[in-house]
Structures are given as structure tokens and as C-alpha cells.
Amino acid sequence: MGRYLIRRLLLLVPSMLVVFTITFFLMHATPGGPWARTGRPLPKAVIENLNARYGLDKPLWEQYTSFLVGIVTRGDFGPSYSRYGRDVKDILVDFFPVSLKLGAVAMVLALVLGLSLGVLSAVKHNTWMDYVSMFLGIVGVSVPSYVVATIMIIVFAITMRWVPTGGWDGILSRRILIPAIALSLRPMALLARYTRSSVLDVLRRDYVRTARAKGLPERLVLARHAVRNAMIPIATVAGITFANVVTGSFFVESVTKVPGIGRYFVSSVSARDYPVIMGTTLLYAAIVMVMNLIVDVVYVFLDPRVRYN
Amino acid sequence: MSSSTRESATTELRPGGRLAKPTSMWQDAWTRLRRNRAAMFGFVFVVVLIVVAVFAPVLAPYPYDKVDFGAITQTPSREHLLGTDSLGRDVLSRLIYGARVSLSVSVVAELVILLIGVPVGMISAYYGGWIDMMIQRVVDVLYAFPSLLLIIVIMTYLKAALKVAQGPIAGMVSTINNATGGLVGVFLALALVFWLTVSRLVRGEVLAIKERQYIEAARCIGVSNRRIILRHILPNTLAPVVIAATFGIPSVISMEAGLSFLGLGVEPPMPSWGMMISEGVQNIRSHPHLLIASGVLLSLTLLAFNFLGDGLRDAMDPWMKN
């Protein structure tokens, strides 16, 4: 286990390097630099000065290495091009926690509702309850989050006036309801579908039949034997979904005007704000990779049969 | 996982004791699919959508880009059944033409995904060894890339690069791309990211299949690798690949809509449902009907494909059904 963990952690380094390299060269190869303006272009001298100030006049490989060295040695992504006087680090510190909090709330919602729906429909297999929750499951996978968010804004914010139409006030305000619910719908549906098939699978096992045969009440059969074992594969799904929820808030953030990193990322890509793009991409890649690693490690504790060597 | 159902045609014993005519796996699947009401709804919806997309010029009451400043943001009326948008364009006509964008994305992007994913997964699993290791390292690293970010970065590159591409082949691609409002870029960006899942799936299937005795037997009598792959392995991976493709279609459609929603997809005036939703969001307070029409249609389409995918999975692999 220890050696496995070390090997996996070491593998993070080349993976991050590849992500960095692909993004760096793809962004720099994209026509239209950070100083391209629609309408009246900037004067040539201004562009030259800007390029010199941010080191964009150097050869590409030199920009690549100095950028990389800056990140590795000082953890420094440099200044943002589009926000004068702001470092990438400040921007990430400002915007990322909002996305993280929103994602965490959405994930909690998705876990609670998704697992309950999934267990319910497995236990009440082929009854109307099963059909209703599986219908919800397929609707949740099908309706895009930005459509859900807008419909909720129309109904609950504009028509009923229960909640504000958008904005951000932290996780304990009513403003979070619409973005969090909209964001949680898809992971909830996925979790419900996986949980259902996992529980159904476990319910057919011999040890469940044994538990029933020895006269254990059905409630305890479910709680002690079925659901606990069914949760093992769900842990994998939940871990990967979490990474997706935190990164997948781009659409919901732009509809509900939540000042998260997703909304900021999209605008920084079109502004060719290279340092911000690199910073955000590396941050998200790190989240996804670490999340995958955690899932694999947790698996060993959940399922004693799994051994890595 | 039961592969036996896929490999052999089923024969059923009829009450009279006589063997029924053997039916192929596809016939069996179709019989089971027909009994599934949700899947049939999906099937019919998709067929109707295809017909609408193909005959868009005949069916649409107006051209999709006909601007009418005398009739902006109208609510539904007899002239404009679903109203008009902020430039006075007929919403129904734009939705009808938008079906072309969504369906062409689903067909072409999904095809490219399969063309990359299936061979890569198959070669990786069949040959194993260092080839497998190399390919899997690449797949692993790309997997760690947050897919939405990767798509956005690739899309931004393709959108800008394809506009100005020169040279014999690149120039031609660029011309097609500009004529279709940037569709080629969307196809490529989606395919370059989504082939990973298919290749993993195929690899897993092939790893299992290649240990089977009939493969060993084929190898014993000296059948070439090429023939084993094409005649014995490929047909046996078809069922899971078809199911994966059916589930892949709603994800590429919704990703295209998402990209267009963010302004990174097709170019105006080419109508995309995602773009129409984004226009609807901007006018949500004053003209909610703009959003409802496009949002509901997109959701229904995704729902139909998911129903169909669920049904196909149950129909093709009855043992997997819970």
C-alpha cells in the first residue's frame, strides 16, 4: 500500500506536466493574442511594450521554461493580463472558494437524495416508487443544468419571488438554493441509478439470503448487509462525480451570476489571459487527479479484498 | 456480463416440441426493445427529429436567418407559432434548423469518436505488452484532464485556427468549417475528448474476449491477427459499443449546446439550441417563452436518446438488466 501510494503520487508529476504542456502550447498556438481588440486595435507600440512587459516577446520555449520554473520554484503563476495589477494567485483565491463551496453543497444534496432514491427504488423494485424515482433519474441526467437553473429562476425568483434571481452570499443564504439544486440534479440522478443497480445486485447475494433465512428483520438485513456492501462501488462514482461537480459549475454560475471560477475561466479563455488559464487548468487537473487517487485508496479500506501491489 | 447471448443466435423450444426458427441477436433485441414503452417513445422521437432535420427547408415556415425588425420578441401567434426572438427571427424555424446542428453533431462527432476509440482500445488490448502500456499512459493522463476545460481550450483553438487555416487539406477543412458556421471545429473538439471512454470500454471487452477458446482455436489453425480482430473480436464488441454510442449521443448533443451556450460553439446566424437557450437566458425576465421553447426541446431530445439507450442496453444484454 505504501509503495503503491508513493508510485501514484510520483505519477502526478508527469501527468501535471503533460496537462501544463498541452494547455500552454494549445493556448499560445491559438490565433489572436491577449491584446487583440475587436473594433479599434491597440497601437503597435503599445502592443510591443505590453509584450515586453509580460515577456511575450521572448521565444516560446523560453516563455514555457520560465513560466514552469516560476510555478515550480515559487508557486508563482505571474500577473493576470486582463486584470491589471492582479496576480493569478489572488484571482484564484477570490473565485475558487465560491465554486468549491457551491460544489460541496450541491454534492451533499446529490448524495443524500441520490442514495435515498437509489436504495428506495431497489428495495421497492418494480413498484411505482421504483418507476417514479428512475424516471427522476433519467430526467436528471437529461435536462441540462443551465435549463434547470433558468426555469427555477423563472418560477421561484421571478414569479413566486421566494428567492433572489442570482448572486452570491455564502452557503447559508437563500441565494444558494437555485444554483445548488440545479447543479446537484445530474450527480443526484447518476448516483441514484448506480445505487439502485448496486443494491439490487447485492440483494441477490447468498449472504443476504442467509441473513433473511436466520430471521433477521428486513430492516436490519438492508442496513447491515445490503446497503453497506452496495456502497463500495458507489464510493468510486461519488468521488469522480465530486470532481465533476466542482468543475462542472461553469454553466450554472453564468446563469445564476455566482462569481465562481467557472465563469471567470470562460472569459479568461476568450481574453487569452494565459496565466489565468494555466492556473485554473492546473488547479482543476490537480483536483481531478487527487480525487481519483483518494477514491482508489479509500477503496482498500471499504473492500478488504482489494489489494494494490 | 454474459457474452454468450451475443455470440450465438437463440433457439427457443416451442410448445409443440419443435425448434423455432433461430433468430439473430439483433432480431431478439428488436423484439425486446419494442415491448419497452419508454424506449419506443425515444425511438419515435428520434425518428421524427431526423425527418424534421432532413426536411428542414420544407417544414420551416421562415428562413432561419430572416430578420424582421417589425416583429421582434413576439409571443406565440398564428404567424409565428412559437414567437420571434430579439431580431424578429421565427423561433420555430430556428428550432427546426437547430435540429440539424444537434443531429449532425451527434452523428459526425459520434462517428469520429468510434473511429478513434474502437481501434485504439482494440489494438491496446489485443497486442498488450508495451503497446498497451504506452496507450494506457496517454489515456490516463488525458483522463486526468478536466474534460470541460480541455474541450473549451481545444474549441477555442480550433475556432480561431480553422478560420484562417491555409493549405490544400487544411484550407478545404477551413472552407467547410466556415460554410457550416464552425461545425467542423465542434465535431473535432468533442471527438478529441470523448474517444477516451469508448477506447476504455472496448479495451475491457477485448481483454475478456481474447481469452476465449474460439480465439485460441482460430489462432491454432493459423488465422491472421487481422482476420481474428475483424471477424471474431470486432463483431463481439458491437453490442456494448452500440449501447455506448447511444448513451454518447446525448452527451455530445448537450456538450455542443453547452459550448454554444457559452458562445464557443457554432457561429451566428447558424441556429443552435444552446445558443438559443443562452439568448433566452438574457431575455428571461421580459420574454421567458424564448427560453422555454429551446430548453424544453433540448431536454426532450436528450431524454429520448437516454430512454433509447436504456432500452437498448436492456434489450441487447438481458442479463445485465436489474
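Modeller: Let's start with A:Asn126, which is exposed, with 8 other C-beta atoms within 10 Å. Bear in mind that this is a predicted model.

Biologist: Where does A:Asn126 lie?

Modeller: A:Asn126 lies in the loop between helix H4 (88-123) and H5 of chain A. Its phi is positive, about 60°, although A:Asn126 is not a glycine. Most residues other than glycine have a negative phi.

Biologist: And A:Arg272, buried or exposed?

Modeller: A:Arg272 is buried, because 21 other C-beta atoms lie within 10 Å and the cut-off for buried is 20 or more. A:Arg272 is not a glycine either, yet has a positive phi of about 55°. You'll find A:Arg272 in the loop between H11 and H12 of chain A.

Biologist: Switching topic: how many residues does each chain give to the contact?

Modeller: Chain A gives 38 residues and chain B gives 35 residues. On the side of chain A that touches chain B, the elements giving two or more residues include helix H1 (2-29), helix H7 (177-203) and helix H12 (274-302) of chain A. By class, that side of chain A has 27 nonpolar, ten polar and one charged residues.

Biologist: Which residues have the most contacts inside the largest nonpolar core?

Modeller: Those are B:Ile151, B:Leu190 and B:Ile277, in a core of 157 residues.

Biologist: What is B:Ile277 in contact with, neighbours within four places in sequence aside?

Modeller: Residues from both chains: A:Tyr146 and A:Val147, plus B:Ala257, B:Phe261, B:Leu291, B:Ser294, B:Gly295 and B:Leu298.

Methods. Residues are numbered from 1 along each chain as its sequence is written. Chains are lettered from A and ligands numbered from 1 in the order in which they are written. This is a predicted model: local features need pLDDT of at least 70, side-chain atom pairs count only at pLDDT 80 or more; totals for chains, interfaces and linings use all residues. Two residues are in contact if their C-beta atoms, placed from the backbone, lie within 7 Å. Helices (H or I, at least four residues) and strands (E, at least two) are DSSP runs, numbered from the N terminus. Ala, Val, Leu, Ile, Met, Phe, Trp, Tyr, Cys and Pro count as nonpolar, Asp, Glu, Lys and Arg as charged, and the others, Gly among them, as polar. A nonpolar core is a set of buried Ala, Val, Leu, Ile, Met, Phe, Trp, Tyr and Cys residues joined through C-beta atoms within 7 Å. A residue is buried if 20 or more other C-beta atoms lie within 10 Å of its own, exposed if 12 or fewer, and partly exposed in between; C-beta atoms are placed from the backbone.
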